[in-house]
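I opened a new page for this protein chain. My plan is to look up one thing at a time and write it down.

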Amino acid sequence: MVARSTWCFKAAAFRAVILGAPASGKGTMSSRIVKHFKVAHISSGDKLRHHMNSGTELGKTVASYVLTGKYVPDDVIISMINIEIERVGDKNWLLDGFPRTLLQTEELQKAHPVNLVLYLDVPIPTILERVKNRWVHLPSGRVYNVGFNSPKVPGKDDVTGEPLSKRDDDKVEIVQKRLEQYAKANEPILTFYEGLGILNTFRGNTTDELWPHVKDTITKFL
């Protein structure tokens, strides 16, 4: 595992982004960060799924994109994220699943400047194997992975005891398509953040392997 850090200053507030391919463990890592450092967690995926499950107008708009492995249009997701960040107010926050395009990255930096970026660089074969074993509690967005982050009771959510489900967008063929899109879109985002001196890259296969290095990076930043 190699961690590469390019940031060189401390900031008054924690305005962070966690990046990584679909199923790279961003959600699990985010949960650990939120629990350990007491920061607000803004997950674009969770917010979008909430709207889809609730049948809101936004949910109807994004459903055709998400369920076919496509990304939501920039203007729609940017507007939603800006609203969510404004709701958080002055609290420290961590963005998970956003930005995903260079335009989103640039617009975020203009409206709500990010000062720390955590990039989880996980091998594609590891991601595909993880997707095959991933289950989710849809109402809360809690994610489990059999053999890695297994539920205490097979097929049941740890908190509510309700049944777990497979996401429609977790089908291997959809994930493969998303990985191709991600690889193309991610490089300019990394270049942008590296140019700002705030990019930190962590390479490995599991959250347990990467967590000590992520925790150390955030601790030093704060």
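These are my entries, from the whole chain down to single residues.

**Ground rules**

I am working with a predicted model, where local features need pLDDT of at least 70, side-chain atom pairs count only at pLDDT 80 or more, and totals for chains, interfaces and linings use all residues. Residues are numbered from 1 along each chain as its sequence is written, and side-chain values use heavy atoms, with hydrogens and water left out.

**Entry 1: the whole chain**

I looked up the secondary structure. The chain has 8 helices and 8 strands. Both are DSSP runs numbered from the N terminus: helices are H or I with at least four residues, strands are E with at least two.

Next I checked the radius of gyration, which is taken over C-alpha atoms. The rule for a globule is 2.2 Å times the number of residues to the power 0.38. For 222 residues, a compact globule would come out near 17 Å, and the chain has 17 Å, so the two agree. Along the principal axes, the C-alpha atoms fill a box of roughly 45 × 40 × 30 Å.

I then looked up burial. Of the 222 residues, 45% count as buried. Buried means under 20% relative accessible area, exposed means over 50%, and partly exposed is in between (1.4 Å probe, protein chains only).

Contacts came last. Contact means heavy atoms within 4.5 Å. Among contacts between residues at least 6 apart in sequence, 76% join residues at least 24 apart.

**Entry 2: the annotated lid**

I turned to the record. In an unreviewed entry, UniProt places the feature "domain: Adenylate kinase active site lid" at residues 134-169. UniProt positions are given in the numbering used here, feature names are shortened, and annotations may be inferred rather than shown by experiment. In the model, this span is 0% helix and 22% strand. Its end C-alpha atoms lie 11 Å apart.

**Entry 3: the largest pocket**

I needed the terms before the numbers. The search runs on a 1 Å grid over the protein atoms alone. A pocket is an open set of points with protein on both sides within 12 Å along at least five of seven lines. A cavity is a set of points where a 1.4 Å probe fits but cannot get out. Lining residues have an atom within 4 Å of a point. Grid points are joined across faces, edges and corners, and a volume is the space filled by probe spheres set on the points.

The largest pocket has a volume of about 1,100 Å³. Its lining has 44 residues, and Gly27, Thr28, Gly141, Val143 and Arg167 lie nearest the centre. Two or more lining residues come from each of α1, β3 (40-43), α2 (44-54) and β7 (142-145). Which element gives the most to this lining? It is α1, with 6 residues.

I sorted the lining by type: 12 nonpolar, 17 polar and 15 charged. Here Ala, Val, Leu, Ile, Met, Phe, Trp, Tyr, Cys and Pro count as nonpolar, Asp, Glu, Lys and Arg as charged, and the others, Gly among them, as polar.

**Entry 4: the cavity**

How many cavities of 30 Å³ or more are there? The count comes to 1. About 110 Å³ of space lies in the largest cavity. It is lined by 15 residues, with Gly20, Lys26, Pro99, Arg100 and Tyr182 nearest its centre. β2 (15-20) and α7 (172-196) each supply at least two of the lining residues. α7 gives the most, with 4. By type, the lining has 10 nonpolar, 3 polar and 2 charged residues.

The peptide bond from Phe98 to Pro99 is cis, with omega near 5°. Pro99 is in the loop between β4 (93-96) and α5 (102-111).

**Entry 5: single residues**

I stopped at the loop between β2 and α1, where Ala23 is found. Ala23 is not a glycine, yet it has a positive phi of about 70°. It is buried, with a relative accessible area of 9%. Ser24 lies in the loop between β2 and α1 (26-37) too. Ser24 is buried at 4%. Beyond its neighbours within four places in sequence, Ser24 is in contact with Leu120, Val122, Ile127 and Arg130.

Lys38 also has a positive phi, about 55°. This residue lies in the loop between α1 and β3. Is Lys38 buried or exposed? At 68% relative accessibility, it counts as exposed.

My last stop was Thr126, in helix α6 (residues 124-132). At 22% relative accessibility, Thr126 is partly exposed.
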